[in-house]
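Please have the sequence and the structure open side by side. The paragraphs below go through charged pairs, then a helix, then a loop residue.

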Amino acid sequence: MVLLVLVYAAALAVMAHGSGSGSVTIPRPEEAARMARFVLHNCDWGALATLSTQEGLRGRPFANIFSISDGAPGPGGGSGVPYLYLTDMEISVQDLEINSNASLTVSLAQTPYCKKHRYDPQNPLCAHIIFCGSIVKVNDSEAALAKKALFTRHPEMEDWPKDHNWFFAKFNITNIWVLDYFGGLKIVTPEEYYHVKP
């Protein structure tokens, strides 16, 4: 335990001082809201869990992978809003049409950070965030923002079949849990999350 704490402290020092042009500063453990924003912005995809409406699975949890974006990659922090590009042909979207409630999990395990420090994805130091809320279609005024956020990060989306009737949606966050250190989950309110400067 003590060794892992020391390893984490050393990792923070390395990240804070940087190690070249590709370096990034990871938030400290006491900055839970900032950590949530940081992890979301540095992730390209997440695991979205719905309550299944499929025959034989009705009412049971069903997790699926979706590409996400809160803005163009790189510094700037993004908006904090997880945007998605969906079609009602997708099995999880069919669940959402019946019950729009869902959870979304994102993890630094998909970034070079955890690999660099040899953190297992289940290690709390390999931070992950769990969002609960609902999926909603964005209105016309927000569609351009969602499109820019998604297509700059996932350019192949522009070429996906037009007859699939794709639409832009967002994860409307109601609850946030942060696991980035030892001692259990930290709760962050949406107000804290959106108020913090990434």
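**Charged pairs and buried positions**

Glutamate 30 has a relative accessible area of 59%, so this residue counts as exposed. The model is a predicted one. Glutamate 30 pairs with arginine 28 in a salt bridge, where the closest N and O atoms lie 2.9 Å apart. Arginine 28 is partly exposed, at a relative accessible area of 45%.

A second pair follows along the chain. Arginine 34 and glutamate 31 form a salt bridge through their side chains, at 2.7 Å from N to O. Arginine 34 is partly exposed because its relative accessible area is 25%, while glutamate 31, at 18%, is buried. The cut-off matters here: buried means under 20% relative accessible area.

Next comes a salt bridge between arginine 153 and aspartate 44, with 2.9 Å between the closest N and O atoms. This pair links distant parts of the chain, its members being 109 residues apart. Arginine 153 belongs to helix α5, which covers residues 140–153, and aspartate 44 sits in the loop between α2 and β1 (45–51). How accessible is arginine 153, and does it count as buried or exposed? Its relative accessibility is 12%, so arginine 153 counts as buried. Aspartate 44 is at 32% and therefore counts as partly exposed.

Shared partners connect some of these contacts: Arg28, Glu30, Glu31 and Arg34 are joined by salt bridges into one network. In the whole structure, a search finds 7 salt bridges.

Now turn to helix α2, which spans residues 32–41. Arginine 34 was partly exposed, at 25%. How many of the residues of α2 are buried? The count is 9 of its 10 residues, and the helix is mostly covered. The buried residues are Ala32, Ala33, Met35, Ala36, Arg37, Phe38, Val39, Leu40 and His41.

The last stop is leucine 125. Where is leucine 125 placed? Leucine 125 lies in the loop between α4 (112–116) and β5 (128–137). Along the chain, leucine 125 and phenylalanine 182 are 57 residues apart, yet their C-alpha atoms are separated by 7.7 Å.

How values were computed. Residues numbered from 1 in each chain as written. Predicted model: local features only at pLDDT ≥ 70, side-chain atom pairs only at ≥ 80, totals over all residues. Heavy atoms only, no water. Buried < 20%, exposed > 50% of the residue type's maximum accessible area, 1.4 Å probe, protein only. Helix = DSSP H or I, 4+ residues; strand = E, 2+ residues; numbered from the N terminus. Salt bridge = Lys/Arg side-chain N within 4 Å of Asp/Glu carboxyl O.
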